[in-house]
Amino acid sequence: MSAEFPSPSLRLSAMGNLRLVIADEYSEINLCDFGKNPAGLLEDNEGRSLIRAKGVWSKEKPESGNSLQGEGVYHYKNITSISGEYCRSSWNFSSTGEEGEEVKYKPQFDTWKLAGALNVAHGVTPLGFSLRKREGSLFFTSQKYSVEEIKAGVGFGKENAKLGITFTSYHSKTTFDTTAVQIISFHGIFDLSNNLTFAAQYNQGKLKKTEYYGNYYGWQSPRKVSHNVRSFSTRGSHTIVGEPGNLKLGFQVELSNFVPYEFLGYYSYEKRKRNSWGLGMGYEYKKKWRVGMEYHRENREEYYNPKEYFSQNEINFGGELSNILSLFSLRLGVGLKSYESGLFVDNYCFGIGYLAPNKLAKIDLTYNLEKSNYSYYGALGGFNPTDRTLGFLLTLYSKTK
């Protein structure tokens, strides 16, 4: 059960979570979205100031969750940009206590984020920073956790070739462990032609953990571990212009020896090998409608048995019919996931979009029905939960850059 969609874009979520072949302001191949470099904030969203208000409500009987988020981005004459974001998420759970009584839990977390960017050297070298902080309570416990992530980035070049360097310092703390990660990232964005874009990123750093699990299980505690971590990722897209429509091809590849994970708001990193790749194809007809199909595969090292890998396959289909009455868009999508363990997760998505005549206001409404099949999943056999999620997003734009 989740109080969030697979993609931060409700539009892409309504189209089956397509993310390689559909152009969207949340999934651009640039320093900000691909490189996670705060210096890229300066050119993100085409340099337009905006305000977003987002709400997500999820229900999987007898559990429920919700998330409310506000965000503002201000751009000043391609010289400086600043953004702020706040989000509160919470869930409602219940379980049976030792004496058969019903025990209710309500874990929640709050997230604050502040970012800024400044252009120097005649617009060729932007500098950026970001600070993200999250505090919340752990699932089924009263224990608290805190997460802090600081980024500093710089960009080089303009137009057809952009390079960037990002420094990331991450620290999380719970009753059970502490995690510290320091990473330096190098990324490049290349527009090889008007219709061909390629991006690559390399990360290198150190992951340190101090574990206190032994305090509860009689192990030697604390236990300290340290790992060198690295990853490489690339993404590209190519548009074949034709009549009456355009064909778009997209791909992505990621190789890593550490992975991020998130569960009910608490996110951290762990030392596990992972490789993933995806391919997609989309078609757009005269900006009136667009469809796409993607395939993604991920292989991840098992946490308790490094010699075995956990594999996941994902197929996504989706489409959008736009300019209905010159105001509305209709979106449909299907996402199918399968795991070698025997778990199957099917997502059926529907969405409506509204764009004001002056293009200064936009509304996205998305509904997702997720059906999980545990029929071959060991002790959970026969348990097939259904998760229903509704999302609303209001975006207000400035008139000029």
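A polar contact here is a pair of N or O atoms within 3.5 Å; within protein, one must be able to donate a hydrogen and the other to accept it, and residues adjacent in sequence count only if both atoms are side-chain atoms. Keep that in mind for the second stop. What you have open is a predicted model, in which local features need pLDDT of at least 70, side-chain atom pairs count only at pLDDT 80 or more, and totals for chains, interfaces and linings use all residues. Residues are numbered from 1 along each chain as its sequence is written, and side-chain values use heavy atoms, with hydrogens and water left out.

**Stop 1: the whole chain.** Of the 401 residues, 46% are buried, where buried means under 20% relative accessible area, exposed over 50%, and partly exposed in between (1.4 Å probe, protein chains only).

**Stop 2: Ser172.** Select Ser172 in strand E8, which spans residues 161-173. Ser172 has a relative accessible area of 0%, so it is buried. Its side chain makes a polar contact with the side chain of Tyr170, at 3.2 Å. Beyond residues up to four places away in sequence, Ser172 touches Ser146, Val147, Asp177, Thr178, Thr179, Tyr266 and Ser268; contact means heavy atoms within 4.5 Å.

**Stop 3: Tyr170 and its core.** Now move to Tyr170. Leaving aside neighbours within four places in sequence, its contacts include Val147, Val181 and Tyr269. Which residues touch the most other members of the largest nonpolar core? Select Tyr145, Val147, Tyr170, Val181, Leu207, Phe258 and Tyr269, from a core of 14 residues. The elements giving two or more residues to this core are strands E3 (80-96), E7 (144-158), E9 (177-193) and E14 (266-270). E14 supplies the largest share, three residues. A nonpolar core is a set of buried Ala, Val, Leu, Ile, Met, Phe, Trp, Tyr and Cys residues joined through side-chain atoms within 4.5 Å.

**Stop 4: another core.** Select Leu41, Leu50, Ala115 and Ala117, which are among the seven residues of a second, separate core.

**Stop 5: Ser341.** Finish in the loop between strand E18 (328-339) and strand E19 (344-355), where Ser341 sits. Is Ser341 buried or partly exposed? Its relative accessible area is 32%, so Ser341 is partly exposed.

Conventions. Helix = DSSP H or I, 4+ residues; strand = E, 2+ residues; numbered from the N terminus.
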